[in-house]
Amino acid sequence: MDATANLGWRILQAVWRRRDEQGRAELEAAVQDAAEAPDDADAAAAVRQQIKRSLREDAELLAELARVLPAGGETVHVTASGERSIAAKTITTAVTGDNTTIRP
């Protein structure tokens, strides 16, 4: 699981823990819809709305997540130098060779 997915999972867990049975059912339905249609922007927006509602209604949750999330406005400097160089804050897969085959 990459860093972004891990952070998303932690946010969902925090929201889940603080919801009642009905709230958990609503969140579960939204996440299930998004998982079944990963390219559906509306499904993703429904999950975001669930999270935003929780943050508006629960100041403690907001504070908890503020401690977990990276600081806003963080400046990252990345430099790549030289032939076939790669530079990024995070990289999942990078290939710079000729005639490379990537297999799962």
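Guide: Salt bridges and charged surface

The side chains of Glu64 and Arg17 meet in a salt bridge, with 2.7 Å from N to O. Glu64 belongs to helix α4 (residues 59–68) and Arg17 to helix α1 (residues 3–17), so this pair ties together parts that are 47 residues apart in sequence. The term salt bridge stands for a side-chain nitrogen of Lys or Arg within 4 Å of a carboxyl oxygen of Asp or Glu. Helices are DSSP runs of H or I with at least four residues, numbered from the N terminus. Side chains of opposite charge can pair when their charged atoms come close.

The model is predicted: local features need pLDDT of at least 70, side-chain atom pairs count only at pLDDT 80 or more, and totals for chains, interfaces and linings use all residues. Residues are numbered from 1 along each chain as its sequence is written, and side-chain values use heavy atoms, with hydrogens and water left out.

Glu64 counts as buried, at 17% relative accessibility. Here buried means under 20% relative accessible area, exposed means over 50%, and partly exposed lies in between (1.4 Å probe, protein chains only).

A further salt bridge joins Asp58 and Arg18, whose closest N and O atoms are 3.4 Å apart. This pair links distant parts of the chain, for Asp58 is in the loop between α3 and α4 and Arg18 is in the loop between α1 and α2, 40 residues apart. Asp58 is buried at 18% relative accessibility, whereas Arg18 is partly exposed at 35%.

Glu26 also forms a salt bridge, with Arg53, and their closest N and O atoms are 3.0 Å apart. Because Glu26 lies in helix α2 and Arg53 in helix α3, the pair ties together parts that are 27 residues apart in sequence. Glu26 is partly exposed at 28% relative accessibility, and Arg53 is partly exposed at 30%. Salt bridges that share partners join Arg17, Arg18, Asp58, Glu60 and Glu64 into one network. By the stated rule, the count comes to five salt bridges.

Charged residues also form a surface patch: Asp33, Glu36, Asp39, Asp40 and Asp42 make up a negative one. Patches consist of residues with over 30% relative accessible area and no salt bridge, like charges being joined within 9 Å. Asp39 lies in the loop between α2 (21–36) and α3 (41–57). With a relative accessible area of 79%, Asp39 is exposed.

Notes: Patch = residues over 30% accessible without salt bridge, like charges linked within 9 Å, V, L, I, M, F, W, Y side chains within 5 Å. Areas by Shrake-Rupley, 256 points an atom, 1.4 Å probe, with all protein chains shown as cover. Lys, Arg positive; Asp, Glu negative; His and termini not counted. Charge placed at Lys NZ, Arg CZ, Asp CG, Glu CD. Helix = DSSP H or I, 4+ residues; strand = E, 2+ residues; numbered from the N terminus.
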